[in-house]
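Let us take them one at a time, with the cut-offs in view.

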Amino acid sequence: HWGHALQHVDFDRRVATFTSSSDPTAVLSQGSAGSNTDAPATTTTTTTTTTTTVNYELLIGADGAGSKVRQLMQEALAGMKVDAKYSSSTTYKTYHGLPLRQGSEEPIPGFASHAPAQFIYNFNVKGMPTLVMWRQEDGTASGMLTRARSYDAQELRTKISSAYPQIPKEWVESIVAQTCDTSGQPPSPFGKLMSTSRLDGPRCVLLGDAGHPMTSTLAQGCNLALESVRVFAQSLDSVSGDLDRAPAAFTNARLEDVHAMQTIEYMQILSSNAPGATANALERMSAKATMLGSALLTRGLHKLMPSSFPAPVYLLDGLRDARVPYRRVLETMRMHAAALITLAAALLTGAANQAVYLAAEMS
C-alpha cells in the first residue's frame, strides 16, 4: 500500500490498518456575507486523512530499518527482542567511473594489475576526508567519500590533494564534481545495526532491513536482503505453501546466518574504532583479534602458497561468494584467529622456555 502509513495490525484476526493523507488544499475566503468588502482575504489549508483496513493472508514487513511492522510485532509478541547494537553518526557520498588509462598515475603501486574487487583501498588521514575505493569490472574505480566536514568544492579539492597526493588529479576533480553537486542531495547515513530474536509472527515475516538492519560498513545489506527473499521462497516450498508454518520455517532457516553477518559487521565496526560504538574493552579486543588474526593468517598463507590460498583476505572473498553461508565465514574467521593466537602463544612459550634454559646454563 504505497503512500499509506501502517498504524496497527491485529495479528489474530489478520487485519492491518493504514492511514493516508490527501495533499494540502488551500481555500481562499473573502469574509462572510454582508461584511466589509475591503476586509483582507484569508487562506486556510485543509488535509483529509483516510483510514483503510485490509484483510491479509500473509503480511510481509519490508518497510526498512525503521519498520513499523517490526515495532508492532515486538509490542504484540511475547518474548520478541530487538537489540539496537549500533547507529552510525557518519555519512557518505559515492563516486563512480574514475578512469584508469594505460600509463596514467596510480593511487598505489600495482593498482592497474589488481583484479576487480580484489582489494578495498582506504585513504585515511586524521582530520581529513576519508576515501574508500575499489576496482570495477570495467576497469574504472568507484568508491565513497566520508568524514567530509564540508562539501564546498574548493575546500574539498584542497583537502584531498594535500592529504592524498598520490591520487591522480583527474580523479580528484571527478570526486569533487560528483560529491559537491548542486542538486541538494544530502549525504547518506551509514545506517544502524539492529538484531532481532525472530523474523516471524503469525502469518507475518520480516524481510530486508525490516528484519536485519545493517550499516554500509561491509556493503552487505542488499545481498543479505536478496538472500532472505530466496530463503523465504525456499521455506514456503519446504512446507508446501502452508502460510501458517512458513514464517517459523523461515526464522529457523535464516536467523543464524543473519546473526552471523551482523556479528561480522559489528566486529568490523569495533575493530575500526568507528565513532558511536559503545562496546567495552573486552569486546573491542576480541573483535580486533578476530578480524586482524584472520587477515594476517590468510595474507601470510597467500604469500607462501598463492595457488592453494588465492584470496589475500578471506573475509572479502568469503562475502563475495554467495555459495558460502555467512555463518561459515564467521566460523572460518574465528578458526583463523584461534590458530594464529595459538601459534603466537606457542612461540612465546618456546622463547620463554629457551630464555629460562639459557639463564640456567649461564648460572
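Helices (H or I, at least four residues) and strands (E, at least two) are DSSP runs, numbered from the N terminus. This is a predicted model, in which local features need pLDDT of at least 70, side-chain atom pairs count only at pLDDT 80 or more, and totals for chains, interfaces and linings use all residues. Residues are numbered from 1 along each chain as its sequence is written, and side-chain values use heavy atoms, with hydrogens and water left out.

Q: Where does threonine 196 lie, and in which residues does its strand run?
A: Threonine 196 is in strand E13, residues 192-196.

Q: Why is threonine 196 called buried?
A: Buried means under 20% relative accessible area, exposed over 50%, partly exposed in between (1.4 Å probe, protein chains only). Threonine 196 has 2%, so it is buried.

Q: What does threonine 196 touch, leaving out residues up to four places away in sequence?
A: Contact means heavy atoms within 4.5 Å. Threonine 196 has such contacts with Arg70, Lys81, Val82, Gly211, Leu255 and His259.

Q: Which backbone oxygens does the side chain of threonine 196 reach?
A: A polar contact is a pair of N or O atoms within 3.5 Å; within protein, one must be able to donate a hydrogen and the other to accept it, and residues adjacent in sequence count only if both atoms are side-chain atoms. The side chain reaches the backbone oxygen of arginine 198 at 3.1 Å. That of glycine 211 is reached at 3.3 Å.

Q: What makes serine 228 buried?
A: Its relative accessibility is 0%, so serine 228 counts as buried. This serine sits in helix H4, residues 221-238.

Q: Which side chain makes a polar contact with that of serine 228?
A: The side chain of arginine 254, at 2.9 Å. Arg254 is also among the residues serine 228 touches, including Leu207 and Phe250.

Q: How do you know that the buried residues of H1 line one face?
A: Helix H1 (residues 68-76) buries Val69, Arg70, Leu72 and Met73. They fall within an arc of 165 degrees seen down the axis, so they line one face of the helix. The arc is that of the directions from the helix axis to the C-beta atoms.

Q: What covers the buried residues of H1?
A: The cover includes strand E1 (5-10), strand E7 (82-87) and E13.

Q: Why is methionine 305 called partly exposed?
A: Methionine 305 has 37% relative accessibility, so it counts as partly exposed. It is found in the loop between helix H6 (281-304) and helix H7 (314-320).
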